Amino acid sequence: MYVEIDQNSGFCFGVVRAISKAESALRELGGEVYSLGDIVHNRMEVQRLESLGLRTVTHEAMPSLQGRDLFIRAHGEPPTTFQCAEELGINVIDATCPVVAQLQRKVVAAYEKMQAVQGQVVILGKRGHAEVVGLTGQVQDKAIVVEREADLEQIDFSRPIFFLSQTTQSVALFWSLAERMKERIKSADMLTVDDTICRRVSNREKALSEFAARFDVVVFVCGKKSSNGKVLFDVCHKANARSYNIEEETELQAEWFEGCHSVGICGATSTPAWLMERVANYIKERFVG
């Protein structure tokens with residue numbers, strides 16, 4: 001059985017930057033560093049960093065962190081988080097992805113523009129996702145979040161609309177919803193569409209589809225909390241019906257590989273390379289032959 005790891009899978013720029021910052025902080029500070037939420041949506045990588053001294057905390061724990069070091073992950077945070085940290089005397093290590101930070105500024109500018117014309121800011125994103133919470137928090141949660149076409153019922157199509165997206169959403173879904181809005185809005189010039197999806201992520205879709213189609217079986221590795229992982233696994237499954245989504249190697253099942261001569265291993269932008277390698281080795285040791 002031939003087993004190959006997709007060289008285009010794994011951490012995106014923002015995640016690499018955040019993890020590098022966390023590792024540097026842990027080395028330099030020589031003690032515990034607290035991460036506000038999971039630093040990356042991958043349980044295995046979180047556990048690795050916890051072994052080095054990173055501690056994951058919630059917003060509710062912030063009052064107990066006075067004088068401590070608090071890590072802001074790549075997803076970013078709303079302004080209220082930074083204000084709270086300053087009031088509590090918490091040292092913030094900000095690892096917000098530059099692409100996300102730019103989008104946060106765009107949301108603010110869009111909101112100001114819509115305020116002037118009694119319009120609405122609409123964001124394609126997963127409700128409750130850390131990045132989306134950070135985006136809506138830029139405008140005091142006065143933005144409409146949509147996940148699918150049915151959610152467009154929240155929008156008042158008699159008023160102007162400024163449409164943006166969470167950075168890791170599907171490009172196809174974004175433009176499909178934009179077309180539905182264009183059909184329903186009173187006048188085309190009342191709709192502003194800004195495709196803010198990160199191309200370092202979205203450009204993987206075509207390559208991943210081609211990769212998945214080459215193998216008898218595809219094993220897609222990602223954390224259960226990964227929004228990007230759900231999008232990319234769907235890409236794999238459309239290209240290859242024998243695609244399976246796992247978080248770690250112990251979830252692999254022998255029957256998946258029956259009659260199989262080739263296996264492709266790939267993952268989300270939050271999947272570490274070392275984990276895909278571990279999955280590949282497990283398959284070779286347990287299922288080859």
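Analyst: Helices (H or I, at least four residues) and strands (E, at least two) are DSSP runs, numbered from the N terminus. This is a predicted model, in which local features need pLDDT of at least 70 and side-chain atom pairs count only at pLDDT 80 or more, while totals for chains, interfaces and linings use all residues. Residues are numbered from 1 along each chain as its sequence is written, and side-chain values use heavy atoms, with hydrogens and water left out.

The spot is Gly 267, which lies in strand S12. Gly 267 has a relative accessible area of 1%, so it is buried (buried is under 20%, exposed over 50%, partly exposed in between, with a 1.4 Å probe and protein chains only). Not counting residues up to four places away in sequence, Gly 267 touches Ser 9, Gly 10, Phe 220, Val 221, Leu 232 and Met 276 (contact means heavy atoms within 4.5 Å). Phe 233 is 34 residues away along the chain from Gly 267, and the C-alpha atoms of these two are separated by 8.0 Å.

A nonpolar core is a set of buried Ala, Val, Leu, Ile, Met, Phe, Trp, Tyr and Cys residues joined through side-chain atoms within 4.5 Å. The largest one has 20 residues, and Val 219, Leu 252, Phe 257, Val 263, Ile 265 and Ile 283 have the most contacts inside it. H10 gives the most to this core, with six residues. As for Leu 252, its contacts beyond four places in sequence are Val 219, Ile 246, Phe 257, Val 279, Tyr 282, Ile 283 and Phe 287. Another core lies apart from this one; it has 19 residues, including Val 15, Val 33, Leu 49 and Ala 95.

Next come two helices. Helix H1 (residues 13-29) packs with helix H2 (residues 43-50) at an angle of about 20 degrees, and their axes are 11 Å apart. That makes H1 roughly parallel to H2 (angles under 35 degrees count as roughly parallel). On the H1 side, Ile 19, Glu 23 and Leu 26 meet Glu 45, Arg 48 and Leu 49 of H2.

Finally, some loop residues. Most residues other than glycine have a negative phi. Gln 118 is not a glycine, yet its phi is positive, near 55 degrees. Gln 118 is found in the loop between helix H4 (98-115) and strand S6 (120-124), and it counts as exposed at 55% relative accessibility. Asp 141 is not a glycine either and has a positive phi of about 65 degrees. Its place is the loop between helix H5 (130-137) and strand S7 (144-146), where Asp 141 counts as exposed at 55% relative accessibility. Lys 142 lies in the loop between H5 and S7. With a relative accessibility of 51%, Lys 142 counts as exposed. Leaving aside neighbours within four places in sequence, Lys 142 is in contact with Tyr 111 and Thr 136. Its C-alpha atom is separated by 7.7 Å from that of Val 121, 21 residues apart along the chain.

Terms used: Axes fitted to C-alpha atoms, helices over the stretch in contact; angles between N-to-C directions. Parallel < 35°, antiparallel > 145°, perpendicular 65-115°, else oblique.
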